[in-house]
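Hi everyone, thanks for making time this morning. Let's take a short walk through one structure together, and please have it up on your screens.

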Amino acid sequence: APNDIMITHYSPRYNTASDEYLVLFNNTNSAIDMNGYEFAYSTAAGVVSVKKSFTATTVIAARAYYLLSPNISVTVGSVSNKTADATYSAGLADAGQVAIRKTSDGSVICALAAGAITTFAFGQTTSHTSTTSSSSQGAFQLTASGPTYTRTGDNNADYTLVTASSISQVPSSGDAPLPVELDSFTALAHASKVELNWSTATEVNNYGFEIERRSIMNVQ
(Lines give C-alpha, C1' and ligand atoms only; values in the text may rest on other atoms or scores of the structure.)
Protein backbone atom coordinates (compact mmCIF):
# COMPACT_ATOMS: atom_id res chain seq x y z
CA ALA A 1 0.00 0.00 0.00
CA PRO A 2 1.19 3.61 -0.52
CA ASN A 3 3.40 4.85 2.33
CA ASP A 4 4.07 1.29 3.56
CA ILE A 5 7.55 1.48 2.06
CA MET A 6 9.13 4.94 2.01
CA ILE A 7 12.17 6.37 0.25
CA THR A 8 13.73 8.24 3.16
CA HIS A 9 17.21 9.11 1.82
CA TYR A 10 18.32 9.60 -1.77
CA SER A 11 21.68 10.73 -3.10
CA PRO A 12 22.30 10.58 -6.86
CA ARG A 13 25.97 11.18 -6.17
CA TYR A 14 28.22 12.54 -3.45
CA ASN A 15 31.58 12.96 -5.15
CA THR A 16 31.23 10.39 -7.91
CA ALA A 17 28.42 8.28 -9.33
CA SER A 18 29.60 5.28 -7.29
CA ASP A 19 28.81 7.18 -4.08
CA GLU A 20 25.07 7.27 -4.77
CA TYR A 21 22.62 5.48 -2.49
CA LEU A 22 18.94 5.02 -1.70
CA VAL A 23 17.40 4.16 1.69
CA LEU A 24 14.00 2.49 2.12
CA PHE A 25 11.98 2.41 5.33
CA ASN A 26 9.27 -0.07 6.35
CA ASN A 27 6.62 2.30 7.67
CA THR A 28 4.50 -0.49 9.19
CA ASN A 29 4.56 -2.63 12.32
CA SER A 30 4.96 -5.87 10.35
CA ALA A 31 7.75 -7.29 8.21
CA ILE A 32 7.29 -6.71 4.47
CA ASP A 33 8.38 -9.15 1.77
CA MET A 34 9.58 -7.11 -1.20
CA ASN A 35 9.07 -9.94 -3.68
CA GLY A 36 7.24 -8.54 -6.71
CA TYR A 37 8.55 -4.98 -6.28
CA GLU A 38 11.37 -3.10 -7.99
CA PHE A 39 13.52 -0.02 -7.68
CA ALA A 40 12.98 1.96 -10.89
CA TYR A 41 14.92 4.97 -12.09
CA SER A 42 14.05 7.55 -14.72
CA THR A 43 16.09 10.25 -16.39
CA ALA A 44 14.85 13.84 -16.38
CA ALA A 45 13.36 13.15 -19.81
CA GLY A 46 11.33 10.16 -18.58
CA VAL A 47 13.45 7.23 -19.83
CA VAL A 48 12.85 4.46 -17.27
CA SER A 49 15.14 1.59 -16.31
CA VAL A 50 14.96 -0.96 -13.49
CA LYS A 51 17.88 -0.76 -11.07
CA LYS A 52 16.84 -3.53 -8.68
CA SER A 53 14.26 -6.32 -8.79
CA PHE A 54 13.49 -7.61 -5.32
CA THR A 55 13.11 -11.32 -4.59
CA ALA A 56 11.32 -13.37 -1.96
CA THR A 57 14.48 -13.29 0.17
CA THR A 58 14.23 -9.49 0.51
CA VAL A 59 12.36 -8.99 3.77
CA ILE A 60 12.43 -5.63 5.52
CA ALA A 61 11.66 -5.89 9.22
CA ALA A 62 9.00 -3.76 10.90
CA ARG A 63 10.04 -0.11 11.30
CA ALA A 64 13.45 -0.92 9.78
CA TYR A 65 15.63 0.63 7.08
CA TYR A 66 17.12 -0.98 3.95
CA LEU A 67 20.20 0.56 2.29
CA LEU A 68 20.82 0.25 -1.45
CA SER A 69 24.05 1.39 -3.08
CA PRO A 70 26.29 0.49 -6.02
CA ASN A 71 29.00 -0.36 -3.47
CA ILE A 72 28.59 -2.83 -0.63
CA SER A 73 30.71 -0.49 1.51
CA VAL A 74 29.21 3.00 1.52
CA THR A 75 31.39 6.06 2.07
CA VAL A 76 29.61 9.39 1.98
CA GLY A 77 29.91 12.63 3.96
CA SER A 78 31.27 11.76 7.40
CA VAL A 79 29.90 8.20 7.11
CA SER A 80 32.41 5.58 6.05
CA ASN A 81 32.31 1.80 5.65
CA LYS A 82 28.55 1.55 6.13
CA THR A 83 27.51 -1.85 4.80
CA ALA A 84 24.76 -1.74 2.19
CA ASP A 85 21.93 -4.29 2.35
CA ALA A 86 21.91 -4.72 -1.44
CA THR A 87 23.69 -3.36 -4.51
CA TYR A 88 22.57 -2.10 -7.91
CA SER A 89 24.34 -0.73 -10.98
CA ALA A 90 25.41 2.91 -10.64
CA GLY A 91 24.03 5.59 -12.91
CA LEU A 92 21.63 7.98 -11.13
CA ALA A 93 21.93 11.54 -12.44
CA ASP A 94 21.63 14.82 -10.53
CA ALA A 95 18.31 15.44 -12.28
CA GLY A 96 16.28 12.26 -12.17
CA GLN A 97 13.42 10.29 -10.64
CA VAL A 98 13.38 7.22 -8.39
CA ALA A 99 10.47 5.00 -7.39
CA ILE A 100 9.55 1.81 -5.60
CA ARG A 101 6.81 0.16 -7.62
CA LYS A 102 5.07 -3.14 -8.32
CA THR A 103 6.77 -5.14 -11.05
CA SER A 104 3.47 -6.52 -12.37
CA ASP A 105 1.63 -3.30 -13.18
CA GLY A 106 4.00 -0.43 -12.33
CA SER A 107 1.89 0.80 -9.40
CA VAL A 108 4.05 3.32 -7.51
CA ILE A 109 4.44 2.89 -3.75
CA CYS A 110 6.74 5.86 -3.22
CA ALA A 111 8.59 8.17 -5.63
CA LEU A 112 10.85 11.21 -5.65
CA ALA A 113 11.76 13.59 -8.47
CA ALA A 114 14.80 15.84 -8.12
CA GLY A 115 16.24 18.52 -10.37
CA ALA A 116 14.91 19.98 -13.62
CA ILE A 117 12.45 17.31 -14.82
CA THR A 118 10.99 17.61 -18.32
CA THR A 119 8.86 14.44 -18.33
CA PHE A 120 7.49 12.95 -15.10
CA ALA A 121 7.66 9.17 -15.23
CA PHE A 122 6.04 8.07 -11.96
CA GLY A 123 2.97 10.28 -11.69
CA GLN A 124 4.51 13.28 -9.99
CA THR A 125 3.73 16.81 -11.03
CA THR A 126 6.45 18.53 -9.02
CA SER A 127 10.14 17.97 -8.42
CA HIS A 128 12.57 19.01 -5.74
CA THR A 129 14.86 21.60 -7.33
CA SER A 130 17.87 23.51 -6.14
CA THR A 131 20.30 26.06 -7.49
CA THR A 132 23.30 23.80 -6.91
CA SER A 133 24.02 20.28 -8.09
CA SER A 134 23.13 17.26 -5.99
CA SER A 135 26.80 16.31 -5.79
CA SER A 136 27.51 19.30 -3.57
CA GLN A 137 24.19 19.04 -1.69
CA GLY A 138 24.91 15.49 -0.63
CA ALA A 139 21.43 14.01 -0.29
CA PHE A 140 17.68 14.48 -0.20
CA GLN A 141 16.12 13.35 3.05
CA LEU A 142 12.46 12.80 3.88
CA THR A 143 11.38 14.95 6.80
CA ALA A 144 9.71 13.00 9.59
CA SER A 145 6.31 14.06 10.90
CA GLY A 146 6.83 13.12 14.52
CA PRO A 147 8.32 9.65 14.43
CA THR A 148 6.29 8.61 11.39
CA TYR A 149 7.31 9.17 7.78
CA THR A 150 4.57 10.60 5.63
CA ARG A 151 4.07 11.73 2.06
CA THR A 152 1.20 13.91 0.92
CA GLY A 153 0.37 13.18 -2.70
CA ASP A 154 3.34 14.01 -4.90
CA ASN A 155 4.57 16.87 -2.73
CA ASN A 156 8.34 16.66 -2.96
CA ALA A 157 8.57 19.55 -0.50
CA ASP A 158 8.39 16.74 2.10
CA TYR A 159 12.06 16.24 1.29
CA THR A 160 14.83 18.50 2.57
CA LEU A 161 18.36 18.94 1.30
CA VAL A 162 21.28 17.78 3.43
CA THR A 163 24.65 19.25 2.52
CA ALA A 164 27.49 16.83 1.98
CA SER A 165 29.36 17.97 5.07
CA SER A 166 26.25 17.45 7.23
CA ILE A 167 25.69 13.80 6.34
CA SER A 168 26.42 11.97 9.59
CA GLN A 169 24.13 8.97 9.22
CA VAL A 170 23.08 6.67 6.40
CA PRO A 171 20.65 4.17 7.98
CA SER A 172 20.49 0.48 7.09
CA SER A 173 18.93 -2.73 8.40
CA GLY A 174 21.69 -2.89 11.00
CA ASP A 175 20.08 0.03 12.84
CA ALA A 176 17.53 -1.58 15.15
CA PRO A 177 14.18 0.23 15.45
CA LEU A 178 12.90 1.31 18.83
CA PRO A 179 10.25 -1.10 20.17
CA VAL A 180 8.03 1.80 21.30
CA GLU A 181 7.97 5.36 20.00
CA LEU A 182 6.21 7.61 22.52
CA ASP A 183 4.35 10.63 21.12
CA SER A 184 3.03 12.17 24.35
CA PHE A 185 2.53 11.54 28.06
CA THR A 186 0.43 13.67 30.46
CA ALA A 187 -0.65 13.36 34.08
CA LEU A 188 -3.69 15.22 35.53
CA ALA A 189 -4.47 15.29 39.25
CA HIS A 190 -8.10 14.73 40.31
CA ALA A 191 -8.39 14.96 44.11
CA SER A 192 -6.62 11.83 45.37
CA LYS A 193 -6.33 10.30 41.92
CA VAL A 194 -4.10 10.89 38.90
CA GLU A 195 -5.26 10.42 35.33
CA LEU A 196 -2.52 9.29 32.94
CA ASN A 197 -2.80 9.71 29.19
CA TRP A 198 -0.25 8.69 26.60
CA SER A 199 -0.06 7.93 22.90
CA THR A 200 2.45 5.99 20.85
CA ALA A 201 3.38 6.22 17.18
CA THR A 202 4.61 2.62 16.89
CA GLU A 203 4.80 -0.47 19.07
CA VAL A 204 6.93 -3.43 17.97
CA ASN A 205 6.90 -6.59 20.10
CA ASN A 206 5.25 -4.69 22.91
CA TYR A 207 2.88 -6.61 25.22
CA GLY A 208 1.55 -3.71 27.28
CA PHE A 209 2.56 -1.19 29.91
CA GLU A 210 3.03 -1.39 33.67
CA ILE A 211 1.95 1.51 35.87
CA GLU A 212 3.70 1.79 39.22
CA ARG A 213 2.85 4.11 42.09
CA ARG A 214 4.04 4.76 45.61
CA SER A 215 2.55 6.49 48.60
CA ILE A 216 3.32 10.19 48.94
CA MET A 217 4.36 9.42 52.53
CA ASN A 218 7.41 7.64 51.11
CA VAL A 219 8.55 10.58 49.03
CA GLN A 220 11.52 12.33 50.61
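Before the aromatics, one term: rings of Phe, Tyr and Trp count as a pair if their centres lie within 6.5 Å. Do keep in mind that what you see here is a predicted model. With that rule, searching the whole structure turns up seven aromatic pairs. One of them joins Tyr10 and Phe140, with 5.9 Å from centre to centre and 20° between the planes. Planes under 30 degrees apart count as stacked, so this pair is a stacked one. It also bridges distant parts of the chain: Tyr10 sits in strand E1, residues 5–11, while Phe140 belongs to strand E13, residues 139–142, and the two are 130 residues apart.

Now for charges. Side chains of opposite charge can pair when their charged atoms come close. In this model the count is two salt bridges. Arg101 makes one with Glu38, and their closest N and O atoms are 2.6 Å apart. Here again distant parts of the chain are linked, as Arg101 is in strand E11 (residues 96–102) and Glu38 is in strand E4 (residues 37–43), 63 residues apart.

Let's turn to the surface. Phe185, Val194, Leu196, Trp198, Phe209 and Ile211 form a nonpolar patch there, and together they have about 580 Å² of accessible area. Which strand gives the most to this patch? That would be E18, residues 193–203, with three residues. Phe185, for its part, lies in strand E17, residues 180–190.

Last stop, the largest pocket, which holds about 210 Å³ of space. Its lining includes Val194, Leu196 and Ile211, along with Lys193, Glu212 and Arg213. By class, that lining has four nonpolar, one polar and three charged residues. E18 is the top contributor here too, giving three residues to the lining.

Thanks, and I'm happy to take questions.

Note on methods: Residues are numbered from 1 along each chain as its sequence is written. This is a predicted model: local features need pLDDT of at least 70, side-chain atom pairs count only at pLDDT 80 or more; totals for chains, interfaces and linings use all residues. Side-chain values use heavy atoms; hydrogens and water are left out. Patches are made of residues with over 30% relative accessible area and no salt bridge: like charges are joined within 9 Å, nonpolar side chains (Val, Leu, Ile, Met, Phe, Trp, Tyr) within 5 Å. Accessible areas come from the Shrake-Rupley method with a 1.4 Å probe; for residues, only the protein chains shown count as cover. A salt bridge is a side-chain nitrogen of Lys or Arg within 4 Å of a carboxyl oxygen of Asp or Glu. Helices (H or I, at least four residues) and strands (E, at least two) are DSSP runs, numbered from the N terminus. On a 1 Å grid over the protein atoms alone, a cavity is a set of points where a 1.4 Å probe fits but cannot get out, and a pocket is an open set with protein on both sides within 12 Å along at least five of seven lines; lining residues have an atom within 4 Å of a point. Grid points are joined across faces, edges and corners, and a volume is the space filled by probe spheres set on the points. Ala, Val, Leu, Ile, Met, Phe, Trp, Tyr, Cys and Pro count as nonpolar, Asp, Glu, Lys and Arg as charged, and the others, Gly among them, as polar. Rings of Phe, Tyr and Trp (its six-membered ring) pair if their centres lie within 6.5 Å; planes under 30 degrees apart count as stacked, over 60 as edge-to-face and the rest as tilted.
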